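Subject: Handover of the two-chain model

Hello,

I am passing this structure on to you, and my notes follow below it. Please look through the structure first and then read on.

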Amino acid sequence: MLAFTLRRVLQAIGVMLAVGVIAFAMFRFAGDPVSQIVSIDTSAAQRAEIRRSLGLDDPVLVQFGRYFINALQFKFGVSYQFRLPVSSLLAERLPATLELAICATVFAMVAGILMGVYSALRRDTVLAKLFQAVSLIGISLPTFLIGILLIYLFAVTLGWLPSFGRGEVVKLGWWTTGLLTVSGLKALIMPAITLGLFQMTLIMRLVRAEMLEVLRTDYIRFARARGLTTRAIHFGHALKNTLVPVITVAGLQFGSVIAFSIITETVFQWPGMGLLFVQAVQNVDIPIMAAYLLMVSLIFVTINLVVDILYTVVDPRLRSTISRAA
Amino acid sequence: MTQPVLSVRNLEVEFVTRRATLRAINGVSFDIAKGEVLGVVGESGAGKSVTGLAVIGLIDPPGRISGGEIELSGTRIDHLPPEEIRRIRGKRIGMIFQDPLTSLNPLYRIGDQIIETIRTHTNLSESAARRRAIDLLAEVGIPAPEKRIDGYPHEFSGGMRQRVVIALAICAEPELIIADEPTTALDVSVQAQIITLIKRLGRDHGTAVMLVTHDMGVIAETCDRVAVMYSGRIAEIGPVQEVVRNPLHPYARGLMGAIPTLAGEDKRLVQIPGSMPRLSAIPAGCPFNPRCAFVFDRCRVERPEPIRQGTQSVACHLFEPAKETAA
């Protein structure tokens with residue numbers, strides 16, 4: 001078990017190194033940063049001075065080494081457009097994105113599992129068929145369209161929810177949260193649904209398919225022959241077996257939720273990392289783009305690692321296979 | 001005669017498909033007394049397992065019991081509301097399935113599965129149920145049960161898992177155990193142990209056992225009586241020695257003739273020509289008539305009813321008593 005975890009951690013470090021190389025390469029290939037900073041009437045001497053102060057005239061390997069060591073300490077340089085350290089910019093935006101992503105995932109899991117279980121157990125009811133139809137829409141409509149439709153309905157027409165921003169936030173140390181104020185919660189509803197809808201439909205369809213599969217197995221038949229209550233069979237025996245693959249998908253999707261919150265954050269002008277990234281792209285603010293790339297990969301790699309370990313917690317068979325293999 | 005534990009009368013089971021309604025069980029009747037082991041043999045698709053599932057009320061749609069009666073110790077149990085038949089399953093009727101590798105939920109400790117079943121059917125506390133589970137595991141012959149109770153199914157061998165399955169089937173001291181091919185998926189050496197175990201449990205607790213199998217060796221060794229099924233009907237039923245040594249129905253004779261013996265090494269095994277008809281194409285009259293060596297005209301039009309012949313009962317026109325009045 002320990003050997004398994006260690007091996008997975010080493011693999012994760014390998015992936016992060018590769019991403020680090022790509023992030024660094026962005027500085028070399030995405031145009032000359034100096035011309036982005038200076039105005040037209042900056043003299044050549046001043047340009048050289050800026051170049052030297054940013055360390056851009058050092059050899060490539062030296063620059064990479066410096067970048068790498070700084071990245072390990074969460075120093076990603078200074079944003080070209082804001083003239084502020086990228087790490088503090090990201091730290092300031094991180095709570096908004098994480099809060100949004102977590103709420104979206106919780107919404108997707110809860111609604112997805114409930115709807116999936118319902119449509120598997122009551123396959124022929126009207127509601128189950130409605131869920132199937134809705135899930136088809138959720139899986140095929142692009143996020144921005146759903147966001148815009150929601151804004152049109154609930155913000156413009158009905159006026160119930162704010163169409164943009166994060167509402168009032170409360171500071172808890174360096175973390176800012178919108179979960180403690182009414183306006184913060186109201187502002188969260190639509191972005192969270194927009195962001196989580198795809199995942200919800202995915203989880204719902206997965207749970208339904210898995211549940212139907214599990215209900216056909218011998219141990220469910222044997223559980224019925226033992227006279228267990230329908231509730232114990234469906235929600236104890238069947239659901240637990242259903243959740244093994246669902247954990248993987250939901251876990252991996254959490255990474256995508258963070259990465260693709262860019263679109264949702266843009267539509268709702270949500271002050272998170274995604275919005276920061278879009279502004280960075282518009283302004284060729286490479287330090288932010290590179291740091292964002294590293295952040296998102298770090299989140300992805302961490303989630304993968306956690307999912308792998310979580311797997312063994314849920315499924316006892318894997319525990320012994322792993323310890324035997326190790 | 002005392003009341004039988006299980007009494008099945010004219011049982012009919014149908015499967016409704018889009019094209020046609022298929023009758024998988026057609027007029028099956030038998031009794032099992034307290035402490036008696038009834039073997040049910042027949043080819044695949046003869047309706048052995050379906051009969052077992054019908055008794056325990058686990059025929060799923062599109063299948064349904066379309067006729068007949070099933071009585072458990074004098075109470076009718078077919079057509080009970082789902083919740084009531086649920087209370088009977090596991091408590092008054094225990095069931096053992098063919099494949100022990102897939103009968104247990106892989107994600108739960110075996111102890112938890114046993115305790116769950118005990119607590120579903122009794123008022124025992126968690127700790128009392130756990131003690132009972134350990135006793136049960138000891139009774140079915142699992143070594144060091146107080147340790148193994150916390151094991152997961154994948155940590156047990158096939159034979160040990162089947163013992164756990166049996167422990168689960170008997171945990172509420174049922175009156176009847178239905179064992180659906182309990183040894184088919186096991187090694188031969190383990191088969192004998194499991195059969196001995198089922199036999200011993202039946203004897204010790206006075207449990208009636210319905211043993212579905214296609215292994216004649218198992219039948220001869222274990223059962224008191226045997227029913228030979230063919231195409232959803234009972235061709236012959238009677239005490240095991242009689243049916244094995246002196247089978248009456250041509251199909252039963254063919255079946256016994258196809259058993260290899262060490263003594264008869266020189267003889268070729270007798271085959272029954274052809275194969276059992278599909279449910280959608282059961283011939284009129286006796287379903288065995290196209291394969292029967294003794295077929296005559298009446299077999300092709302009239303379905304034979306069970307006729308008593310000494311201790312046996314056989315559904316074959318060959319044994320029809322001569323008609324008193326020539327009409």
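Two residues are in contact if their C-beta atoms, placed from the backbone, lie within 7 Å. By that rule, the contact between the chains takes 20 residues from chain A and 23 residues from chain B. On the chain A side, α9 (218-225), α10 (230-259) and α14 (316-325) each supply at least two residues. The largest share of that side, seven residues, comes from α9(A). Sorted by class, the side of chain A that touches chain B has seven nonpolar, six polar and seven charged residues.

Please keep in mind that this is a predicted model. The predictor gives the complex an ipTM of 0.84 and a pTM of 0.77. For chain B the average pLDDT is 85, and 95% of the residues score at least 70.

Chain A

The secondary structure of chain A comes to 14 helices and two strands. Its C-alpha trace spans about 85 × 60 × 35 Å along the principal axes. Of the 326 residues in chain A, 34% are buried. Among contacts in chain A between residues at least 6 apart in sequence, 70% join residues at least 24 apart.

Chain A is divided into domain 1 (2-72) and domain 2 (86-284). The centres of these two domains of chain A, taken over C-alpha atoms, are separated by 35 Å.

One helix of chain A that I looked at in detail is α12 (residues 273-282). Its buried residues are A:Met273, A:Gly274, A:Leu275, A:Leu276, A:Phe277 and A:Ala280. What do they pack against? The buried residues of α12(A) pack against α5 (86-121), α11 (261-267) and α13 (286-314) of chain A. Just after α12(A), A:Val284 takes a positive phi of about 45°.

Chain B: domains

The domain assignment of chain B gives domain 1 (6-92 + 172-319) and domain 2 (93-171). Between the centres of domain 1 and domain 2 of chain B, taken over C-alpha atoms, there are 28 Å. In chain B, 27 residues of domain 1 are in contact with 24 residues of domain 2. On the domain 1 side, α1, β7 and α8 (188-205) of chain B each supply at least two residues. α8(B) gives the largest share of that side, six residues. By class, the side of domain 1 of chain B that touches domain 2 of chain B has 18 nonpolar, three polar and six charged residues.

Chain B: the sheet

Chain B contains an open sheet of eight strands with mixed pairing, in the order β6-β7-β8-β3-β9-β10-β12-β11. Its edge strands are β6 (93-96) and β11 (307-309) of chain B, each of which pairs on one side only. From one strand to the next the twist averages 20°.

B:Ile93 stands opposite B:Leu176 in β7(B). Are the faces of β6(B) covered or open? Both faces are covered: B:Ile93 and B:Met95 on one side, and B:Gly94 and B:Ile96 on the other, are all buried. In a regular strand the side chains alternate between the two faces of the sheet.

Five bridges join β7 (residues 176-180) of chain B to β8 (residues 208-212) of chain B, and this pair also runs parallel. Here B:Ala179 stands opposite B:Leu211 in β8(B).

Helix α1 (residues 48-56) of chain B lies across β3 (37-41), β6, β7, β8 and β9 (225-230) of chain B. The helix runs at about 150° to β7(B). α1(B) and β7(B) are also among the elements that supply residues to the side of domain 1 of chain B that touches domain 2 of chain B.

Chain B: one residue

B:Ser7 lies in strand β1 (residues 6-16) of chain B. Why does B:Ser7 count as partly exposed? B:Ser7 counts as partly exposed because it has 18 C-beta neighbours inside 10 Å, and a residue is buried if there are 20 or more and exposed if there are 12 or fewer. Not counting residues up to four places away in sequence, B:Ser7 touches B:Asp31 and B:Glu71. B:Ser7 and B:Asp31 are 24 residues apart in sequence, while their C-alpha atoms are 4.4 Å apart in space.

Regards

How values were computed. Residues are numbered from 1 along each chain as its sequence is written. Chains are lettered from A and ligands numbered from 1 in the order in which they are written. This is a predicted model: local features need pLDDT of at least 70, side-chain atom pairs count only at pLDDT 80 or more; totals for chains, interfaces and linings use all residues. Two strands pair if DSSP finds at least two bridges between them. Helices (H or I, at least four residues) and strands (E, at least two) are DSSP runs, numbered from the N terminus. Axes are lines fitted to C-alpha atoms, for helices over the stretch in contact, and angles run from 0 to 180 degrees between N-to-C directions. Domain bounds come from an automatic or database domain assignment. Ala, Val, Leu, Ile, Met, Phe, Trp, Tyr, Cys and Pro count as nonpolar, Asp, Glu, Lys and Arg as charged, and the others, Gly among them, as polar. pLDDT is the predictor's confidence in each residue, from 0 to 100.
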